[in-house]
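Here is a short tour of one protein model, written for someone new to reading structures. Have a look at the picture first, then follow the points below.

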Amino acid sequence: MVALTHRMTRAATTRNPVLRAARNALLPLLARVPALRDRLATEPAELNYR
């Protein structure tokens, strides 16, 4: 969980303009994929560990 949080924070706060543009272009597309959207919702909440 800590590693995931670290990666998400780094992606959200990058100052690299190329990475920022890639992130901003890809996230809306990835959010349309139900499996990825569900994983992004359950992983940080640790709802997938039962």
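Which residues make a nonpolar surface patch of about 500 Å²? The answer is Leu26, Leu27, Leu29, Leu30, Val33 and Leu36. Please keep in mind that this is a predicted model, and that the values below are computed from it.

**The overall fold**
- The protein chain has three helices and zero strands.
- Of the 50 residues of the chain, 8% count as buried.
- The chain exposes about 4500 Å², and carbon and sulfur atoms supply 64% of that area.

**The nonpolar patch**
- Helix α2, which covers residues 17-30, gives the patch its largest share, namely four residues.
- One of the patch residues is Leu27, and its place is in helix α2.
- Is Leu27 buried, partly exposed or exposed? Leu27 counts as partly exposed because its relative accessibility is 45%, which lies between the cut-offs of 20% and 50%.

**The largest pocket**
- Rolling a probe the size of a water molecule over the atoms shows where empty space is left.
- In this model, the largest pocket has a volume of about 440 Å³.
- There are 14 residues lining this pocket, and the closest to its centre are Leu4, Met8, Ala11, Leu27 and Leu40.
- Which helices each supply at least two residues of the pocket lining? They are α1 (2-12), α2 and α3 (34-42).
- The largest share of the lining, five residues, comes from α1.
- Sorted by class, the lining holds 10 nonpolar residues and four charged ones, with no polar residues.

- Glu43 sits in the segment after α3.
- Is Glu43 buried or exposed? Glu43 counts as buried, because its relative accessibility is 13% and the cut-off for buried is under 20%.
- Glu43 and Thr5 are 38 residues apart in sequence, and their C-alpha atoms are 9.9 Å apart in space.

Key: Residues are numbered from 1 along each chain as its sequence is written. This is a predicted model: local features need pLDDT of at least 70, side-chain atom pairs count only at pLDDT 80 or more; totals for chains, interfaces and linings use all residues. Side-chain values use heavy atoms; hydrogens and water are left out. Patches are made of residues with over 30% relative accessible area and no salt bridge: like charges are joined within 9 Å, nonpolar side chains (Val, Leu, Ile, Met, Phe, Trp, Tyr) within 5 Å. Accessible areas come from the Shrake-Rupley method with a 1.4 Å probe; for residues, only the protein chains shown count as cover. A salt bridge is a side-chain nitrogen of Lys or Arg within 4 Å of a carboxyl oxygen of Asp or Glu. Buried means under 20% relative accessible area, exposed over 50%, partly exposed in between (1.4 Å probe, protein chains only). On a 1 Å grid over the protein atoms alone, a cavity is a set of points where a 1.4 Å probe fits but cannot get out, and a pocket is an open set with protein on both sides within 12 Å along at least five of seven lines; lining residues have an atom within 4 Å of a point. Grid points are joined across faces, edges and corners, and a volume is the space filled by probe spheres set on the points. Ala, Val, Leu, Ile, Met, Phe, Trp, Tyr, Cys and Pro count as nonpolar, Asp, Glu, Lys and Arg as charged, and the others, Gly among them, as polar.
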